[in-house]
2 protein chains.
Amino acid sequence: MAIGVKDIATAAGVSLGTVSNVLNHPDRVSPRTRARVEKVMAELGFVPNESARQLRAGRSRTLAYVVLDATNPFFTDVARGVEETLAARDLSLYMCNSDNRADREANYLNRLEEQRVAGILLTPVDPESPALDKISGRGTPIVIVDRTRAGDTHCSVAVDDVLGGRLALEHLLDRGHERIAFIGGPSSIGQVHDRHAGALAALADAGLDESHLVRIDTSALSVGEGRQAAQRLAGMPGARRPTAAFCANDLLALGLLQHCVTTGVSVPDELAIVGFDDIEYAGAAAVPLTSVRQPRLRLGRTAAELLLDEVENPDHVHQQITFTPELVARASTETRAN
Amino acid sequence: MAIGVKDIATAAGVSLGTVSNVLNHPDRVSPRTRARVEKVMAELGFVPNESARQLRAGRSRTLAYVVLDATNPFFTDVARGVEETLAARDLSLYMCNSDNRADREANYLNRLEEQRVAGILLTPVDPESPALDKISGRGTPIVIVDRTRAGDTHCSVAVDDVLGGRLALEHLLDRGHERIAFIGGPSSIGQVHDRHAGALAALADAGLDESHLVRIDTSALSVGEGRQAAQRLAGMPGARRPTAAFCANDLLALGLLQHCVTTGVSVPDELAIVGFDDIEYAGAAAVPLTSVRQPRLRLGRTAAELLLDEVENPDHVHQQITFTPELVARASTETRAN
DNA sequence: TTCGTTGATTGAAAGGTTTCAAGTTTCGGT
DNA sequence: ACCGAAACTTGAAACCTTTCAATCAACGAA
């Protein structure tokens with residue numbers, strides 16, 4: 001059924017090798033035969049079999065980016081940065097969604113390794129997983145995105161989440177808040193852990209003890225979970241209820257904000273809110289959201305560059321790059337003029 | 001360097017065939033040898049070469065979804081629906097982003113066909129492109145998502161965009177608006193065209209001529225373009241300025257809204273806004289957005305089911321499924337009580 | 001003891017491409 | 001007309017699996 005190089009060769013009256021040359025080394029073939037072969041290929045609808053090609057030639061023209069949550073605009077923006085860098089080269093990017101589940105991530109990594117992709121960009125569920133060493137040890141380069149990893153076994157591109165957490169909390173403390181909620185979870189997510197740690201550090205620096213940061217745990221970093229957190233917050237007795245919330249990401253913050261707005265809780269007067277990521281929707285929210293901005297596109301571009309270098313450059317050396325986050329203050333934490 | 005079945009066979013003291021059987025037909029092999037072979041595979045870090053496997057066996061366990069815009073939450077939600085359906089089966093989904101560019105779409109489709117993926121879900125730049133017939137004609141099934149196509153050459157799952165446009169406009173007319181902006185573009189995007197057509201139809205039904213719908217063209221369906229459209233709107237002389245806007249999707253609507261809020265244009269009093277898609281952020285916006293809801297997850301699930309049927313079922317027949325959109329009214333179009 | 005079964009294992013062929021050493025053609029120069 | 005070099009073209013081997021017909025081993029039945 002399927003047309004192969006052999007059929008093309010026969011139909012065009014040339015040898016297999018020539019057909020292959022038309023495909024891979026057009027310069028080696030005389031213009032006339034090339035034209036003839038190409039015509040036949042078009043007529044017969046020839047589609048080279050990438051499996052066979054890759055099997056024989058050993059190379060691959062696809063990369064993959066395995067993200068924690070494809071529905072989070074933060075990650076799709078990073079992906080856009082990756083694509084920008086790849087667009088120049090003749091490479092394709094497949095995006096895979098681990099949905100923050102180790103089993104799904106493992107599945108995808110397996111598949112990608114079996115497929116012998118040229119390289120993998122990964123925002124890992126657990127950056128310390130030994131599976132990563134195994135995979136890159138066998139020859140599929142991995143660049144870690146939005147996380148760092150102990151040691152210099154891999155390239156990584158990340159943002160200083162601890163600093164980010166610190167910035168967020170300092171901002172709230174500056175505005176006089178002393179009972180602050182940290183909304184995020186599960187804490188197994190590294191980003192959540194680091195941002196929380198940064199918040200605690202800021203608290204300590206301000207001479208306040210940990211009791212000033214009440215932790216509200218969520219089961220995911222989603223808008224829905226943000227809404228639920230809002231209910232829990234609302235259920236607290238007024239005296240103990242926080243006057244501000246630092247959310248581990250913008251999705252949570254948006255959910256929280258939405259619930260406040262619909263239930264008539266005034267933001268920022270009754271509750272100030274800080275998010276994290278500064279996704280595009282943060283500034284457009286009911287009350288424009290103060291958020292800790294990460295250079296998303298840049299993250300993606302840089303990660304892609306590192307990966308390409310590791311793929312193409314034989315004396316590549318691993319690099320850990322860390323970007324600095326930046327707090328963007330908006331209405332959700334404004335103090336009323338008085 | 002790389003370990004192959006041959007190495008495993010040697011190390012385990014069995015034949016190639018047996019190693020392959022351990023992989024593909026474990027029941028055919030005695031428990032004892034199976035254990036031994038598996039042990040050796042683990043020790044040597046054997047990773048089957050999918051290219052070779054696919055070349056010989058002819059099957060593939062991956063599907064792909066080529067979307068128009070990976071940063072649009074609408075599409076990632078559809079993708080989530082797809083993944084839900086695929087999760088049960090042992091299949092992987094690769095997401096590719098055409099960014100609404102025909103050349104990138106063609107590139108991806110090419111690659112995917114060369115890779116011999118089991119099937120493709122596609123939200124096409126141009127559903128009538130003959131390329132689609134060629135590809136599916138050669139044996140790679142394609143299901144069209146969020147668009148329909150003349151004829152019954154493919155399965156498709158879509159939402160009635162014309163009806164959606166009509167609903168949006170009827171809603172605005174009901175609220176007394178008679179100078180309405182249609183914000184969207186480029187009109188080469190089918191969804192934009194259909195939604196506009198629906199709007200025009202509603203206008204006609206109301207006995208108003210086309211001049212009541214002023215078209216503001218955008219170069220993409222993004223938040224940024226929405227902000228720009230807002231500026232153009234603001235630049236119009238008061239007498240001719242529309243009192244309401246129907247945006248071809250929620251991203252535009254959010255951008256428009258954001259600009260209004262920051263420049264002090266009151267929504268809905270000075271400008272009522274209707275979006276399309278009802279993405280998660282629509283309800284959480286500065287002014288909660290009235291929007292035309294599409295059943296996103298259901299769209300994805302259904303598309304995946306159709307594709308699986310086409311892949312697995314020899315006497316599959318193509319189906320065109322159309323869902324009905326639904327208007328969700330929120331504050332952005334509320335009429336002030338008076 | 002031998003035969004027939006069943007179950008486990010084997011080994012060669014096949015799948016579609018690229019590679020590369022070897023062979024053939026072309027062409028300018030004499 | 002002939003030579004040598006340069007330009008093309010060729011064909012077989014190799015890439016790593018899976019498949020399947022054939023072989024082998026074991027074991028219960030006759």
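**Notebook: salt bridges and interface**

I started at B:Arg166, which counts as partly exposed at 23% relative accessibility (buried means under 20% relative accessible area, exposed over 50%, partly exposed in between, with a 1.4 Å probe and protein chains only). I noted that this is a predicted model, where local features need pLDDT of at least 70, side-chain atom pairs count only at pLDDT 80 or more, and totals for chains, interfaces and linings use all residues. Residues are numbered from 1 along each chain as its sequence is written, chains are lettered from A and ligands numbered from 1 in the order in which they are written, and side-chain values use heavy atoms, without hydrogens and water.

**Within chains**

I found B:Arg166 in a salt bridge with B:Asp205, at 2.5 Å from N to O (a side-chain nitrogen of Lys or Arg within 4 Å of a carboxyl oxygen of Asp or Glu). B:Asp205 lies in helix H9 and B:Arg166 in helix H8 of chain B, so the pair ties together parts 39 residues apart in sequence (helices are DSSP runs of H or I, at least four residues, and strands are runs of E, at least two, numbered from the N terminus). B:Asp205 is exposed, at 56%.

I then checked A:Arg149, which pairs with A:Asp133 at 2.9 Å. A:Arg149 sits in the loop between strands S4 and S5 of chain A and A:Asp133 in helix H7, so this bridge joins parts 16 residues apart in sequence. A:Arg149 is buried at 10%; A:Asp133 is partly exposed at 32%.

**Between chains**

I looked up the contacts: 48 residues of chain B touch 48 residues of chain A (heavy atoms within 4.5 Å). The two chains bury about 4,500 Å² between them, 51% of it on carbon and sulfur atoms (accessible area, 1.4 Å probe, lost on being put together and summed over both). B:Tyr94, B:Arg111 and B:Tyr281 lose the most area on the chain B side, together 16% of what that side buries.

How many salt bridges are there between chain B and chain A? I count six. One of them joins B:Glu83 to A:Arg104 at 3.0 Å. B:Glu280 and A:Arg227 meet in a salt bridge at 3.7 Å. That pair runs from the loop between strands S9 and S10 of chain B to helix H10 of chain A. B:Glu280 is partly exposed at 34%, and A:Arg227 is partly exposed at 29%.
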